[in-house]
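Visitor: Could you walk me through this model while I have it open on the screen?
Guide: Gladly; ask whatever comes to mind as you look.

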Amino acid sequence: MQTREFQIRGVTIRIRFDANQVSESQIRQLVITLRLLPVNHLRHIPLITVGNRPPAGGGGSAHPGMPGGPYIRLNRNIFQSPWNRGTYNYTLLHEVGHVIDWTYNSMSRMRRDDRAGYQALLAHTHRGRTQGPGEHFADAYADFIIGKRMSAARRNALRQSTAFKNVVAGADMMCTVG
Ligand SMILES: [Zn+2]
């Protein structure tokens, strides 16, 4: 395994992988995908490992309070999935969606402050094995970032969420005094 660092819009992102099992073009796809993210979100991306975990395939992620966390793990088989064969890696964006949900408390805040938005996200079917409200946020996040067609209700729920309320994509505001 090797760990490589990438500078993405001024943020250092680390990806750990075995060069015998993961190709350069696959790593490049992950980096191109991460370039879609707002800088504020990039700052919360933990170490991304591409390997054998999760053992059942797909992706996994953990926040800092979970064992071994924070991390994003991608099974190397994800590159074969139809939804990851285009320019961008959907599985990575879904896992980033979990990290952002935890970081900004998005789903729990939405449940309290935006019931309609919360219901709009839940109404959209999640096809993965793991179920729960967070999966619906992660799917909506990935759809939104990748520019997939989505209902106005889902799109608005996400834009109004704590994850995006103060984030202007591509132009995060920064004020330096002195
Ligand atoms: Zn998930």
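Visitor: Which helices do the buried residues of H5 pack against?
Guide: The buried residues of H5 pack against helix H4 (106–113), H6 and H7, where contact means C-beta atoms, placed from the backbone, within 7 Å. Helices here are DSSP runs (H or I, at least four residues), numbered from the N terminus. Please keep in mind that this is a predicted model, in which local features need pLDDT of at least 70 and side-chain atom pairs count only at pLDDT 80 or more, while totals for chains, interfaces and linings use all residues. Residues are numbered from 1 along each chain as its sequence is written.

Visitor: And which residues of H5 are the buried ones?
Guide: In H5 (residues 115–122) they are Gly117, Tyr118, Ala120 and Leu121; buried means 20 or more other C-beta atoms within 10 Å of a residue's own, exposed means 12 or fewer, and partly exposed lies in between. Seen down the axis of H5, these buried residues fall within an arc of 160°, so they line one face of the helix, the arc being that of the directions from the helix axis to the C-beta atoms. The face turned away from the buried side of H5 carries the exposed residues Arg115 and Ala116.

Visitor: What about H4, which residues are buried there?
Guide: Ser106, Met107 and Met110 are the buried residues of H4, and they cover an arc of only 90° around the axis, which puts them on the same side of H4. They pack against H3, H5, H6 and H7, whereas the exposed residues Arg112 and Asp113 sit on the face of H4 turned away from its buried side.

Visitor: Switching topic: at what angle do H6 and H7 pack?
Guide: H6 (residues 133–146) and H7 (residues 152–160) pack at about 95°, with their axes 10 Å apart; axes are lines fitted to C-alpha atoms over the stretch in contact, and angles run from 0 to 180 degrees between N-to-C directions. That makes H6 roughly perpendicular to H7, a label for angles of 65 to 115 degrees.

Visitor: Which residues make that contact?
Guide: Ala140, Tyr141 and Phe144 come from H6, and Arg154, Arg155 and Leu158 from H7.

Visitor: Last one: is Thr162 buried or partly exposed?
Guide: Thr162, which is found in the segment after H7, counts as partly exposed because it has 19 C-beta neighbours inside 10 Å. Not counting residues up to four places away in sequence, Thr162 touches Tyr104, Asn105, Ser106 and Arg109.

Note on methods. Helix = DSSP H or I, 4+ residues; strand = E, 2+ residues; numbered from the N terminus. Parallel < 35°, antiparallel > 145°, perpendicular 65-115°, else oblique. Contact = placed C-beta atoms within 7 Å.
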